[in-house]
Amino acid sequence: MEHLLTADQPLSAYDLLSRLRPGDPPAPPSVYRNLGFLLEHGLIHRLETTRAYIACRHPVHSHSAQFLICRRCGSVVEASDDHITASVGALGQHLGFALELCAVELRGVCARCQSQHRCEQRHQGGDQAFTQSA
Ligand SMILES: [Zn+2]
Ligand SMILES: [Zn+2]
């Protein structure tokens with residue numbers, strides 16, 4: 001499990017299996033049990049949009065986190081914005097909804113990929129969508 005906890009990139013359960021037991025026949029039930037344990041204790045998060053797992057960057061927070069997922073390189077930034085957390089809670093209350101999963105997943109392009117793209121642009125010339133979002 002320390003493989004996931006030290007990884008920069010989110011990992012799928014399948015990636016995790018192959019890292020845990022290189023060469024060995026995988027034992028999915030035990031991996032899923034371990035993932036369940038880590039999730040329950042707030043050590044990892046499951047990203048619903050990419051079906052990947054990522055180590056929690058702030059083990060003490062209340063797990064209403066925001067994830068900024070780069071669609072180019074797949075890196076994930078975990079944020080814990082109190083205002084967003086409060087808004088999500090208030091929204092649930094307002095609509096009489098008992099919230100169980102309060103994570104917010106946001107997709108876009110990370111700073112590193114944006115600067116790479118700007119370099120490419122000089123050679124290729126132009127992509128409006130990117131310059132606007134930056
Ligand atoms: Zn977290
Ligand atoms: Zn990126």
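Just after α4, Gly-96 adopts a positive phi of about 65 degrees; helices (H or I, at least four residues) and strands (E, at least two) are DSSP runs, numbered from the N terminus. The structure is a predicted model, in which local features need pLDDT of at least 70 and side-chain atom pairs count only at pLDDT 80 or more, whereas totals for chains, interfaces and linings use all residues. Residues are numbered from 1 along each chain as its sequence is written.

Helix α4 (residues 82-94) has 13 residues, which at 1.5 Å a residue should span 18 Å, in agreement with the 18 Å between its end C-alpha atoms; the expected span is 1.5 Å times one less than the number of residues. The number of buried residues in α4 is 0, so the helix lies largely in the open. A residue is buried if 20 or more other C-beta atoms, placed from the backbone, lie within 10 Å of its own, exposed if 12 or fewer, and partly exposed in between.

Leu-11 is placed in the loop between α1 (2-6) and α2 (13-20), and counts as partly exposed because it has 18 C-beta neighbours inside 10 Å. Leu-11 and Leu-47 are 36 residues apart in sequence and 9.8 Å apart in space, C-alpha to C-alpha.

Terms used
Chains lettered and ligands numbered in written order.
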